Number of protein chains: 2
Amino acid sequence: MRYNQGIQLLAFTFLISSATIATAQKKNFTIAEATNGMGTTLATKGIKNASWQPGTTRLWQAVKEDGKDVWKVTDYRGLSSKNYRISQGEYPIKVSTIPALRWHSKDKAYFVSGTNVVTGALIENKWVWTLAAALPEKAENITVDKSGNIAYTIDNNLYVQEKISRKKVAITNENDKNIISGKAVHRDEFGIDRGIFFSPSGSFIAYYRMDQTMVNDYPVVKWDVTPARADIVKYPMAGGKSHEVTLCVYNLATGKTTTLKTGDKNKDHYLTAVTWSPGESYIYLAILNRDQNHLWLNQYDAATGQKVKTLFEETDPVYVHPTHPLTFIPGLSNRFIWQSERDGYNHLYLYNTNGSLIRQLTKGKWVVNEIAGINAEEGTVIITTSKESPLDKNIYSVSLSNINLQRIDKDPGMHTAVCSPDGKYVLDVYNGASIPKNTFVHATDGSGSVEIMKSPNPLAEYNRAQVKSITITAADGYTDLYGKLILPADFDKNKKYPVIVYLYNGPNVQLLHNSFPESGNLWYEYMAQRGYIVFTMDGRGSWNRGLKFEQATFRHLGDVEMADQLKGVAYLKSLPYIDSKRMGVHGWSYGGFMTTSLMLKYPGVFSCGVAGGPVMDWKMYEVMYTERYMDVPEDNPKGYENANLVEKVKNLQGKLMLIHGTSDDVVVWQHSLNFIKKSVDEGVQVDYFVYPGHEHNVRGKDRVHLMQKITDYFDVHLKP
Amino acid sequence: MRYNQGIQLLAFTFLISSATIATAQKKNFTIAEATNGMGTTLATKGIKNASWQPGTTRLWQAVKEDGKDVWKVTDYRGLSSKNYRISQGEYPIKVSTIPALRWHSKDKAYFVSGTNVVTGALIENKWVWTLAAALPEKAENITVDKSGNIAYTIDNNLYVQEKISRKKVAITNENDKNIISGKAVHRDEFGIDRGIFFSPSGSFIAYYRMDQTMVNDYPVVKWDVTPARADIVKYPMAGGKSHEVTLCVYNLATGKTTTLKTGDKNKDHYLTAVTWSPGESYIYLAILNRDQNHLWLNQYDAATGQKVKTLFEETDPVYVHPTHPLTFIPGLSNRFIWQSERDGYNHLYLYNTNGSLIRQLTKGKWVVNEIAGINAEEGTVIITTSKESPLDKNIYSVSLSNINLQRIDKDPGMHTAVCSPDGKYVLDVYNGASIPKNTFVHATDGSGSVEIMKSPNPLAEYNRAQVKSITITAADGYTDLYGKLILPADFDKNKKYPVIVYLYNGPNVQLLHNSFPESGNLWYEYMAQRGYIVFTMDGRGSWNRGLKFEQATFRHLGDVEMADQLKGVAYLKSLPYIDSKRMGVHGWSYGGFMTTSLMLKYPGVFSCGVAGGPVMDWKMYEVMYTERYMDVPEDNPKGYENANLVEKVKNLQGKLMLIHGTSDDVVVWQHSLNFIKKSVDEGVQVDYFVYPGHEHNVRGKDRVHLMQKITDYFDVHLKP
């Protein structure tokens with residue numbers, strides 16, 4: 001049902017795009033603008049360094065006044081927008097611009113500059129700043145607790161600078177660099193983005209400890225030193241020995257460390273969703289088996305490490321994919337929200353800490369994206385969801401008691417929500433196909449909104465592409481897929497255009513949104529300016545469409561995705577202005593895998609492809625990700641064989657260029673080098689380029705070179 | 001004077017080339033034939049496994065009879081060609097084809113198959129074979145002495161299997177794999193091709209010991225294992241710490257090892273020209289200083305390691321480049337021949353072992369290439385020289401007593417000479433522009449010759465290119481340079497052709513010879529068949545033209561070579577049928593350095609270049625070679641800076657493709673990767689391809705892929 005709404009919405013947006021008249025005076029994008037412009041010279045203006053002051057309804061932002069950065073503070077209580085001026089005070093270190101504040105309390109905040117931690121006290125509308133810590137140069141993962149303790153890592157060890165004494169204590173002292181404490185583990189899968197977890201009052205530090213001594217060595221060569229040097233990293237490949245992770249608890253008062261008893265016999269599992277109980281006696285932890293189809297949500301005694309109980313279990317015949325910690329309801333230490341895809345879509349579940357489900361808070365064929373805050377007084381949770389359309393993200397409130405769902409924002413588009421600490425107000429920064437960037441504050445009870453900023457269109461002077469949103473039925477015969485056609489500004493339906501299909505189509509990623517710019521990427525528009533039509537579409541297996549949509553690819557990555565992309569190709573071929581003999585395909589990472597798959601398994605469809613950082617053989621990709629979608633090679637030999645592109649190189653008909661970063665430690669360089677070797681063995685001509693020193697993605701200034709390289713390749717072989 | 005003769009000779013050959021009529025029915029080369037054909041399907045037939053039987057004037061060869069390989073033995077005494085049939089006998093191991101014999105004496109020979117050593121006794125015209133040794137699978141450098149001892153290396157250690165007892169003894173037992181015994185040292189520079197030297201009677205083994213623990217580590221990644229593995233090799237870079245080499249003597253009777261006292265204080269030098277005295281009491285050794293401009297020819301006592309004396313010294317303001325051991329005159333233990341470039345050309349010098357020069361045996365503005373043998377009875381040395389022309393190699397005899405020089409062979413061309421043990425006869429296998437391969441036996445006293453074989457033209461059915469030999473004056477205004485123009489069979493002087501310049505132009509290599517096929521390379525002809533003209537020329541700095549010609553490039557590699565190649569370009573531009581806007585350049589290794597140099601230092605001359613395995617920065621090339629031609633970076637900073645191509649990438653105007661073998665341990669991969677990195681830094685588009693697992697040259701079947709890759713690149717960018 002919701003999908004029908006989606007289609008109608010999209011039907012409205014059909015050919016609502018940039019002006020098709022008066023393009024003559026407008027500028028074309030340079031390759032640099034097309035590549036990095038939206039993040040630099042063409043960035044949409046917005047509010048800067050915004051934060052809510054705890055215990056208040058005041059929003060802070062940095063503004064320019066007489067060429068200087070100053071704080072502008074606005075109290076939105078009752079949506080009255082009362083402004084204050086706050087003095088920056090004197091910083092104890094050199095600060096080039098007004099720092100982004102992180103708040104501990106109503107009158108205490110801090111910021112981190114390099115490895116310096118500066119804490120501030122707000123006294124009579126003036127900041128008094130103190131250099132709380134000057135940490136060693138190699139300090140990383142600097143984590144500041146409101147009590148004053150500062151934890152950080154140096155190399156593989158964890159340290160804390162204690163409050164008051166400012167003594168620096170080594171929590172771990174491990175010589176073996178492959179035993180790592182205080183860092184994110186499991187290659188940042190399962191929503192893991194850090195390894196240090198202060199308890200609520202700051203008396204304890206929970207931290208991840210990862211032993212990867214048993215994992216395969218992998219060489220990543222540093223070429224920018226002479227002679228070159230091989231840095232040996234640990235890279236666990238699908239089906240191989242993986243690292244062992246535990247969660248430890250350091251007691252700052254005693255200096256003692258306890259390890260949670262998560263499994264003496266079996267350590268081949270994943271620990272995620274680390275959450276302290278509000279009273280800091282317990283730690284909640286989700287344990288997921290190596291097979292990734294069985295999750296236990298466990299409670300542990302933080303002092304002894306003993307398991308208290310399993311609150312509940314989740315299983316799925318395909319996989320369980322936890323990516324969020326628990327969210328406790330403020331003031332209620334026995335109530336928390338758990339996010340789960342157990343009914344097929346990511347939704348919120350209110351639990352009691354005895355493990356009993358109180359109620360499912362959200363439901364429907366759409367997903368909850370994030371929890372933005374909780375309005376404890378009203379008893380509502382502020383969330384963002386894809387309820388309006390899988391291409392949009394809107395702000396809602398949901399009642400904890402009666403699951404009443406209310407939309408808070410106004411416009412279609414991609415909304416990010418930052419709640420005031422009490423959950424009563426939400427800062428809403430959003431953009432949409434024709435909205436560069438709008439900023440509002442809404443009352444989360446629906447009582448009103450204040451507009452803060454409507455940003456001008458930074459692309460107004462440019463010769464913009466026409467964007468045509470389309471909906472295609474997937475190869476299963478019924479699922480709607482969303483795509484976009486990017487047409488030259490001077491598009492002439494009587495001409496024949498070469499096409500470039502840009503794709504990713506892997507899990508956890510969605511390319512198409514109702515966002516600004518409508519094309520989704522200025523490089524698409526750059527190519528349109530050169531006379532190409534660009535097409536992009538998210539097929540099954542991609543993100544934000546629910547579990548069934550994503551799990552359709554299980555154990556045979558590539559197949560369903562290609563079937564869907566070929567539906568897109570069939571649509572393109574149905575268009576009279578498409579030159580089906582001049583079709584190119586390009587993607588990176590999973591998109592590189594898809595590009596190469598299409599070139600080898602459907603030769604003749606595309607005459608030219610560019611595959612960046614491509615997975616060529618899933619046996620060489622990492623344990624966590626690969627086994628979730630493919631099981632281990634031993635249990636799915638046919639699936640791995642089917643997806644192994646190295647063995648299919650002889651099928652190539654068109655022109656294919658591979659591109660790889662030489663320091664790629666995500667999709668290791670060997671993927672493309674093995675493919676190149678096989679192409680030589682088989683006498684097949686493939687083109688190649690590498691970006692020395694770049695990791696999985698070519699970022700920054702050098703990305704311009706990359707996009708030029710790709711553009712040139714299409715120009716030579718598709719000749720627009 | 002000789003050069004004038006050369007020019008006249010070349011004037012004669014002008015447009016004497018393959019038939020320009022009736023090309024219609026003839027075949028074009030496939031890329032596989034163009035690449036490897038001359039070594040495989042299109043190889044010129046010749047005699048097989050030829051050897052002279054010691055103590056006789058009998059030449060052995062393997063011939064087919066009733067589909068089986070049999071020995072044909074011909075006695076050339078008095079050039080009477082008397083034939084014998086010899087039974088192969090029974091082999092103790094499986095032998096797929098008749099083995100190539102190595103002779104110990106008139107009735108004793110051996111051959112090595114894998115790691116098996118088989119010795120044979122010739123008894124009444126029948127071989128009786130014995131499995132003398134079945135060495136471990138990892139045995140390398142297997143060296144068989146006529147007394148029956150067999151020395152070999154396993155990894156870094158040296159072993160010997162003793163005669164009679166057949167006991168295998170470890171001569172060295174070094175755990176550190178970077179202390180290596182029994183192998184060639186100094187990266188095979190200075191003519192070094194082995195590390196084991198049995199004394200004449202087999203009582204001692206002299207061997208090189210190389211300590212490279214102090215040399216920089218360098219990673220060479222093995223990509224064909226999963227996960228990839230970095231093999232750490234030792235690669236001494238110009239100006240850096242080099243390895244330390246000594247010469248040791250193992251006494252088989254006592255099991256004791258003595259080290260020659262070549263320098264306790266200074267080990268930073270090179271040891272070459274290792275030669276046992278005929279009586280095996282002494283070892284002669286050339287010591288060359290690190291600066292490579294001072295050589296000492298020393299005599300050592302083999303038993304004590306003590307230096308007996310320095311026979312003589314050689315110095316040169318630029319460099320001394322010894323590449324040959326001493327050659328003792330049979331029966332005269334106090335007379336030897338020393339080869340030296342001291343008068344500007346490689347010539348022979350007859351010395352007494354007291355160090356006094358008896359006489360210079362050869363002289364003139366041409367070089368001696370090799371000593372093929374000595375006719376002791378006549379008192380003549382049989383040599384090959386470039387006396388007729390730098391493009392030819394002819395066989396001569398020179399008298400030890402009166403330096404009378406007499407030519408032995410008949411035809412122009414490239415002759416290889418294998419002397420009978422007594423030096424009275426020489427097997428002459430040669431080819432020339434219009435001679436596929438001829439085989440003769442000559443009496444070295446000039447008394448006559450016997451033709452053994454005239455091989456048919458294996459290319460008769462092909463559509464051959466026209467070859468035009470040319471002589472150009474070098475940029476110095478007077479030196480003659482030799483080049484070739486390869487024109488399509490259906491060349492039409494009224495058309496405009498794209499050109500490919502193929503070059504090397506580095507030291508120790510000469511591309512142009514009077515040889516078969518006249519073009520020099522079937523790929524040139526393949527390109528001519530595709531509508532290109534190919535040009536190739538040896539400029540100053542290349543081989544076989546004497547010391548001044550070679551040393552012209554000293555301390556500024558690339559400059560003089562480019563100046564000369566640009567004279568070739570000027571010649572090309574003077575031709576009305578050359579399209580100077582469509583000129584490409586290609587070379588490998590030093591030729592890759594030259595290609596890149598020309599693209600960057602003379603932008604606009606060539607619109608397209610392909611540089612394989614290129615040196616981009618001499619600081620990253622090895623000590624021995626680089627310092628000879630460039631001195632150390634510290635002493636020649638401007639020379640290194642001037643030749644550093646990485647820093648000049650922004651000058652590029654045309655299309656440039658680099659190609660590198662990923663296991664290249666000669667010109668390490670970093671050369672091209674650094675250049676690619678810099679091209680990205682500078683926003684310059686360069687193309688790239690790599691051959692995974694290949695070393696410095698792409699050989700074998702994969703070379704066909706390489707030449708196709710290069711051909712495609714020129715086809716795209718020069719469009720013939």
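Visitor: Why does G191(B) count as partly exposed?

Guide: A residue is called buried if 20 or more other C-beta atoms, placed from the backbone, lie within 10 Å of its own, exposed if 12 or fewer do, and partly exposed in between. G191(B) has 15 C-beta neighbours inside 10 Å, so it counts as partly exposed. The model is a predicted one, in which local features need pLDDT of at least 70 and side-chain atom pairs count only at pLDDT 80 or more, while totals for chains, interfaces and linings use all residues. Residues are numbered from 1 along each chain as its sequence is written, and chains are lettered from A and ligands numbered from 1 in the order in which they are written.

Visitor: Which residues is G191(B) in contact with, leaving aside its neighbours within four places in sequence?

Guide: Two residues are in contact if their C-beta atoms, again placed from the backbone, lie within 7 Å. With the neighbours within four places in sequence left aside, G191(B) is in contact with T272(B), T323(B) and H324(B). G191(B) itself sits in the loop between β13 (179-181) and β14 (196-198) of chain B, where strands (E, at least two residues) and helices (H or I, at least four residues) are DSSP runs numbered from the N terminus.

Visitor: What makes helix α9(A) largely enclosed by the rest of the structure?

Guide: Of the 12 residues of α9(A), 10 are buried, so the helix is largely enclosed by the rest of the structure. Among the buried ones are H671(A), L673(A), F675(A) and V680(A). The buried residues of α9(A) pack against β42 (655-661) and β43 (687-691) of chain A, together with β43 (687-691) and α10 (702-718) of chain B. Just after α9(A), G683(A) takes a positive phi of about 70°.

Visitor: Why is helix α7(B) called mostly covered?

Guide: Eight of the eight residues of α7(B) (residues 623-630) are buried, and the helix is described as mostly covered on that count. The buried residues of α7(B) pack against α8 (637-643) of chain B. Just after α7(B), D631(B) takes a positive phi of about 60°.

Visitor: What makes β24(B) and β27(B) stand at the edges of their sheet?

Guide: Two strands pair if DSSP finds at least two bridges between them. Four strands of chain B form an open sheet in the order β24-β25-β26-β27, with antiparallel pairing. Here β24 (327-329) and β27 (357-360) each have a single partner strand, so one side of each is left without a neighbour in the sheet. The twist averages 30° from one strand to the next, with axes being lines fitted to C-alpha atoms (for helices over the stretch in contact) and angles running from 0 to 180 degrees between N-to-C directions.

Visitor: How do you know that β26(B) and β27(B) are joined?

Guide: Three bridges join β26 (residues 347-352) to β27(B), and the two strands run antiparallel. Y349(B) stands opposite Q360(B) in β27(B).

Visitor: How many residues of chain B are in contact with chain A, and which element gives the most?

Guide: In this interface 37 residues of chain B are in contact with 37 residues of chain A. α10(B) gives the most to the side of chain B that touches chain A, with seven residues. By class, that side has 20 nonpolar, 10 polar and seven charged residues, where Ala, Val, Leu, Ile, Met, Phe, Trp, Tyr, Cys and Pro count as nonpolar, Asp, Glu, Lys and Arg as charged, and the others, Gly among them, as polar.
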